Structure formats: structure tokens, C-alpha cells
Amino acid sequence: MRKNSFSAKKSTRPERVFLKPSGNPLRDKCGIFGIYGKEVDVARISFFGLYSLQHRGQEGAGITVTDGKKLKSVKGLGLVSSVFDEEKINSLKGFASIGHTRYSTTGGNKLCNVQPVVLNLKDDVFALAHNGNIINAMDLAKTLPSQDKLSSTSDTEIMGWIIKNSKGKSWEEKVFTSFSQFQGAFSIIALTKNKLIAFRDSYGFRPLVLGELNGSYITCSETCALDTVGAKFIREVAPGEIIVIDEKGIHSLGKVRSIKKSFCLFEYVYLARPDSIFNKQLVHQVRQRSGEILAHESPVGADMVVAVPDSGTSAAIGYSKASGIPYGEVLIKNRYIGRTFIQPEQHIRDMGVRIKFNPLKEIVKGKRIIIVDDSIVRGTTMKKIVKMLKNCGAKKVHIRVCSPPVTDPCYFGIDTPDKKKLIASKMTVKEIEKFIGADSLAYLSLNGLKKASRVKSDELCTSCFDGKYPMPVAGGFRKDVFESEDTNLRMNPNQRISKFVD
Ligand code: SF4
């Protein structure tokens, strides 16, 4: 590691200007992957890295490579495996690349929003892959000179232009000088003609890790991607840290002051793969512990414990272990379709539930069943599962949820719906129990979940469970409003801003 090229200064946070609440949900969670290596096929490795991060975004994918002179990208809508083929991977020649898998929503699932975002400048190039959400994106857009025409509806592109316009001789210096202007969540991998720059917001909401593969360096969202490509885990990028990877190796430029660490607790609950490790904690074990704690907090007599696969599986194993009630499989999941956490349209959500799980009727019949799931967001999926099991002859259906009620929306890059669509924001646990038709319903306490994570309590973001945000968010930017259907709004920053401040 090289010594700091320039020292971290005190944050020069601009005055906050709050925009009116959009009334729409934020819906974006993404996986990012970057590699620098002269001796390897960086595009092919990026493909497999993104392939293992597919759970973080299934609606678009892209890879951008540099050969030292120019950047070349392949991007498309859909799964990583459908966007790329042998020919496209072979066309991406270079020694460093960044990639992105995207999850979006109504109005936002457009090719122009698929990342990496590439700024084509007169004499230079700069590309970014972003996981997170910039709350003050619209305020920042106001500061852009008019010549910086935005080609997408993405806060990431605004970030790119802000960085480009900032002081500094090199791109990393520009990243450093612009850093404190960005409010919200950002784990970013940027690509220039000859280097990768990885940086993470000072709160550390979204994960970002570093790895090594036979002298090549990798940075990506989760350690599972390092495992998939055969790389060794080095460490996490620290909150507020800027890392440069180039021909001299990997070096940290230091940290911008961290105000309060706020790692997303929901990564452990649902977002991350169980085989990933954050803060030295294997996600599978955190989930298993959460199931054990839940069994102690909310015991109930039953014949078997079953999981809503896959994100409920580790917790169900833990619940079974702690309760002594046998674990079994009842819901068979079709693994060849996307997730239904939040699908863009109601009719797709309805279909998603019907085609996603098939119950083993012969096993369910006459049994008292405990279903363990990671979370309940709207309650509609769980209601259908309960009905399905009762139709199969289940004697009792008890629901145990391995997270506290989700009561507030996320502003930090996760697609939780608007507060009024979150079932726990408008109903008590008893009312939800009645709504979903369960014989009993219990959630894990927030303290129980924090305990299961083994991360220091004050270093976690718990906002969607308790409404306590680590920074002011009222009226803050949410991607899906920005991603307007109206192309005029997309092409004219000033017009677009008026939409938010009126
Ligand atoms: S609000 Fe919830 S989902 Fe969003 S970062 Fe915080 S814990 Fe994660």
C-alpha cells in the first residue's frame, strides 16, 4: 500500500436544500465489480463476477473496459447471461474493467440507465458503476454548467459530472475534492483510461470489498464474487476511503472523515448472498443466529419448521436448531425466475407468487407448520403462501419473521416501497397476522437482529426498522421519480429540477 497521496480534510458539506417528498418509492439495488490485471481476460472475469452478483440486480447489466486509449462498453437489459455472449465478451479487450448489475422499477428500466455510466469527454473518458442512492442529486444537478448534457436519468451520471468539474489534476484528486458534496449512499467503482478508483461513502451503507487474483486486483460488492472468480479476499474498502488500482498496484488515498458508520442491516437480512462476509461476519451465520434468537423470543408448538427459500433458509435452520422442531422443505422454488421482492407491476407480482413456489402437498397435510421468512414488506406474498398451505391441508400455519417490521422507506439504495405501502407502517402485528391469515405471527426484535449481526449497534443503519435516519432525508431524491417517463424531463436538467422544487 502506498502512503496517502493527499491528506483527508474536514468535510466541507454544503448547506442542505430539501426537495419535496416525491411520494414514490426508491427502487434500486445493484451489484458492482471491477478488475485491474494485465495478464488476464478482464471482461470474462467481470462477467463471472457479475454473474455471482446477479441477486443484486436482474434488470440490466453492463461491462466497460479500457485498453489504455479508449473505453468500450457492452450493456443491455436483462440478466447478465442474456446481455453477454462469447462474441461480446471477446470484443471487450483491455486490462481493466468495471461492471454493473442493475435493479430498477417502472419507468426506470431503460437502456440509458444501465451502467456503467460513461462520460465521453473531449480528451478523456470516465466511467462509473454505482451501488446506492445520492439523496441530494437534484441539488447537485442545479450546479452543473448547461454544457454538461445528461444522457441518462441517473444520479450516477450527475456524480460523474460533479467529479469531472471538481478541482484536481488527476481523477482521484477530483474524486477526493468532490467527495463531501455527495449525500447518501455510494459504493462506486470508477474507470479511467489507465486505472480503477473505488470509493465508499463515509457512512459505509453499501458494501465494497477488495480481492486479489494472481497479481490482479478486484473490487466488488460482495465476497461471494471474489470466491466465484477464484480471488482471495484482502479487506473491505473502509467507509469514506478512496482506493486506486493501477500499474503500481493497489493504494489507499486515505479516508474522508466518517461521521457515523451505518452499514445496512438489511444486507444481512435479505440483500446479500449467504456465502458473503461483511464486517467479518458470514451472512449465513448471521441469519442462522437471527433464527435462533427468534425461536427464543417467540416460541410456538409445531411439527416442522420450513423456510421461504432462499433468503429464509439460514434463519429457518437456526429456528429449528434452537426450538428442537425438525426442519423440512415444503416450498419448492422455481430457481429460474427473478426475485419478487418488489416487482414493477401488481399483475407481475401476483404471477410471481403463483409461479415461484410449489408446495409439497403430501407433506403439508395435517401438519402444524412454522414458516420462517426474512422480512415482510407489503404482506401480499406471505398472505398467498399462507393460503396456499392452508389449501394443502396444513392444520396450523405460524409465521416467524427474522427481522423487525419494516416501517419506513430506505433512501440509501434499496427498493423499499413508499411508507404507505409498507404494511407494518399502517397495521399492528395482530392486524398483519389477521391480514395474512396466519394462526400466529411474530417478528424478531431489533435488538435481537443487531445481536445476531455481531456488529456494533451504533455502526448499523436500522432506518427502515425504526425510522431513525443517520442523515436528514426528508424530501430527498429517489431514483424512480428522477427516472421519469417524460424524456423532456430527462434531457433538460433545469426543467427537471423544477419538477422537484415546485
Ligand atoms: S434504511 Fe434499511 S435497507 Fe436502507 S440502508 Fe438502512 S437498513 Fe439498509
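Student: How many salt bridges does the count come to?

Tutor: The model is predicted. Side chains of opposite charge can pair when their charged atoms come close. Here a pair counts if a side-chain nitrogen of Lys or Arg is within 4 Å of a carboxyl oxygen of Asp or Glu. By this rule the number of salt bridges is 19.

Student: Which parts does the salt bridge of Glu267 and Arg56 tie together, and how many residues apart in sequence are they?

Tutor: The side chains of Glu267 and Arg56 meet with N and O 2.8 Å apart. Both residues are buried. Glu267 belongs to helix α8, while Arg56 sits in the loop between α1 (42-52) and β2 (60-66), so the pair links parts whose separation in sequence is 211 residues.

Student: Where do Lys195 and Glu172 lie, and how many residues apart in sequence are the parts they tie together?

Tutor: The closest N and O atoms of this salt bridge are 3.0 Å apart, and both Lys195 and Glu172 are buried. Lys195 is in the loop between β7 (184-191) and β8 (196-200), and Glu172 is in helix α6 (residues 171-178), so the parts tied together are 23 residues apart in sequence.

Student: Which helices each supply at least two residues of the shell around the ligand?

Tutor: The residues surrounding the ligand include Arg206, Leu265, Phe266, Ser463 and Cys464. Eight residues of the shell are nonpolar, one is polar and one is charged. The helices that each give at least two residues to the shell are α8 (265-271) and α17 (463-466).

Student: What span is expected for helix α9 at 1.5 Å a residue?

Tutor: Helix α9 covers residues 283-297, which is 15 residues. From its first C-alpha to its last, α9 reaches 21 Å. That is close to the expected value, 21 Å.

Student: Which residues of α9 are buried?

Tutor: A residue counts as buried when its relative accessible area is under 20%. In α9, the residues that are buried are Val283, Val286, Arg287, Gln288, Arg289, Ser290, Gly291, Ile293, Leu294 and Ala295.

Key. Residues numbered from 1 in each chain as written. Predicted model: local features only at pLDDT ≥ 70, side-chain atom pairs only at ≥ 80, totals over all residues. Heavy atoms only, no water. Near = heavy atom within 4 Å. Helix = DSSP H or I, 4+ residues; strand = E, 2+ residues; numbered from the N terminus. Nonpolar A, V, L, I, M, F, W, Y, C, P; charged D, E, K, R; others polar. Expected span 1.5 Å × (residues − 1). Buried < 20%, exposed > 50% of the residue type's maximum accessible area, 1.4 Å probe, protein only.
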